[in-house]
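Open the model in your viewer and keep the sequence panel beside it. This tour tells you what to select, stop by stop.

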Amino acid sequence: MNEPQSKTTHFGFRDVPVDDKQKLVGQVFTSVARSYDLMNDLMSFGIHRLWKRHFVAISGVRRGDRVLDLAGGTGDIAALMKPVVGDEGEVVVGDINAAMLGVGRDRLTDRGLVAGLRWAQLNAEALPFPDNSFDAVTMAFGLRNVTDKDKALADICRVLKPGGRALVLEFSKVQSELFGKLYDFHSFKILPKLGQLFAGDADSYQYLAESIRKHPDQATLKGMMERAGFGRVEVRNLSNGIVAIHRAYKF
């Protein structure tokens, strides 16, 4: 009898065993942790800061809410969200990568942002929280690196309170064909060279560009969220679809 073939998934444009992807992604983000803001600037032409502000502004989060920010190791979303939830609220920052958590925690501590913030190393596919724990769950530029996205979306739905919101900000499918060609040229020809020049790491930047192209497009991700149990899934394109915000509700 033939031995069963092991399941594979994509790591950028490469097919790798499912069990290996988490380790490989971890190596990438450990490598880029100290230069992550630079990486986002290079990938987004510096606009990621405006995208994140808009993401938080339309989140519907209110004072006193409890928010889980997944893949939030840089602390960018937490820093924007904490003034919104106020002293009565709490932001739990979750990330699978210890190096990213360390960078974000140190950065926010240096800014005096300590109270009302919790930091947790976790896997988005198996969240260590009870059902109905959070008013909102956010995930900015992290879902494309998750091995089993359907499993993660289902667990996000589980930990949300009824009426709670899930918000995903992620690189997506550019809507204009001409702009898409320019974006591809930047991503595959320019970005790895910039990564080598500024961070001494071309390979990680090449993977990140590839991971964007393998991520589900706007309509596909909308369908995945609906199958995970969410209702009223809304999609908002930013910058011609370079990124998209998916907002959904648990009913």
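**Stop 1: a helix pair.** Select helix α7 (residues 177-199) and helix α8 (residues 202-214). Their axes come within 7 Å and cross at roughly 155°. Axes here are lines fitted to C-alpha atoms, for helices over the stretch in contact, and angles run from 0 to 180 degrees between N-to-C directions. α7 and α8 are therefore roughly antiparallel to each other. Angles under 35 degrees count as roughly parallel, over 145 as roughly antiparallel, 65 to 115 as roughly perpendicular and the rest as oblique.

Now show side chains. On α7, the contact residues include Tyr-183, Phe-188 and Leu-191. On α8, they include Tyr-205, Ala-209 and Ile-212. Contact means heavy atoms within 4.5 Å. By class, this contact of α7 with α8 has nine nonpolar, four polar and three charged residues. Ala, Val, Leu, Ile, Met, Phe, Trp, Tyr, Cys and Pro count as nonpolar, Asp, Glu, Lys and Arg as charged, and the others, Gly among them, as polar.

**Before moving on.** This is a predicted model, in which local features need pLDDT of at least 70 and side-chain atom pairs count only at pLDDT 80 or more, while totals for chains, interfaces and linings use all residues. Residues are numbered from 1 along each chain as its sequence is written, and side-chain values use heavy atoms, with hydrogens and water left out.

**Stop 2: the whole chain.** Zoom out. The protein chain has nine helices and nine strands. Helices (H or I, at least four residues) and strands (E, at least two) are DSSP runs, numbered from the N terminus. Of the chain's 251 residues, 54% count as buried. Buried means under 20% relative accessible area, exposed over 50%, partly exposed in between (1.4 Å probe, protein chains only). Among contacts between residues at least 6 apart in sequence, 71% join residues at least 24 apart.

**Stop 3: the sheet.** Colour the strands. In what order do the seven strands of the open sheet lie? The order is β5-β4-β3-β6-β7-β9-β8, with mixed pairing. Two strands pair if DSSP finds at least two bridges between them. β5 (117-121) and β8 (231-238) stand at the edges, each with a single partner strand, so one side of each has no neighbour in the sheet. Neighbouring strands are turned by 15° against each other on average, direction ignored.

**Stop 4: parallel pairs.** Select strand β3 (residues 66-70). Four of its five residues are buried, so β3 is largely enclosed by the rest of the structure. β3 pairs with strand β4 (residues 90-95) in the parallel sense over five bridges. Click Leu-68: its bridge partner in β4 is Val-92. α4 lies across β3, β4, β5 and β6, running at about 160° to β4.

Move to strand β6 (residues 134-140) and strand β7 (residues 160-171). Six bridges join this parallel pair. Thr-138 has Leu-167 in β7 as its bridge partner.

**Stop 5: strand β9.** Is β9 buried or exposed? Seven of its seven residues are buried. Val-243, Ile-245, Arg-247 and Tyr-249 lie on one side, with Ala-244, His-246 and Ala-248 on the other. β9 runs antiparallel to β7, over seven bridges. Phe-171 is bridged to Val-243 in β9. β8 and β9 are also antiparallel, joined by six bridges. Here Asn-237 has Ala-244 as its partner in β9. The hairpin of β8 and β9 has four residues between the strands, and Ser-239 takes a positive phi near 50°.

**Stop 6: helices α6 and α9.** Select helix α6 (residues 149-159) and helix α9 (residues 218-227). They pack at an angle of about 50°, with their axes 9 Å apart. That makes α6 oblique to α9. The crossing is right-handed. Lys-149, Asp-150 and Leu-153 in α6 meet Leu-221, Met-224 and Met-225 in α9. By class, this contact of α6 with α9 has four nonpolar, no polar and two charged residues.

Stay on α9. Its buried residues include Gln-218, Leu-221 and Gly-223. What covers the buried residues of α9 includes α6, β7, β8 and β9 (243-249). End at Gly-229, which follows α9 and has a positive phi near 115°.

Key: Left-handed = near helix turned anticlockwise from the far one by under 90°.
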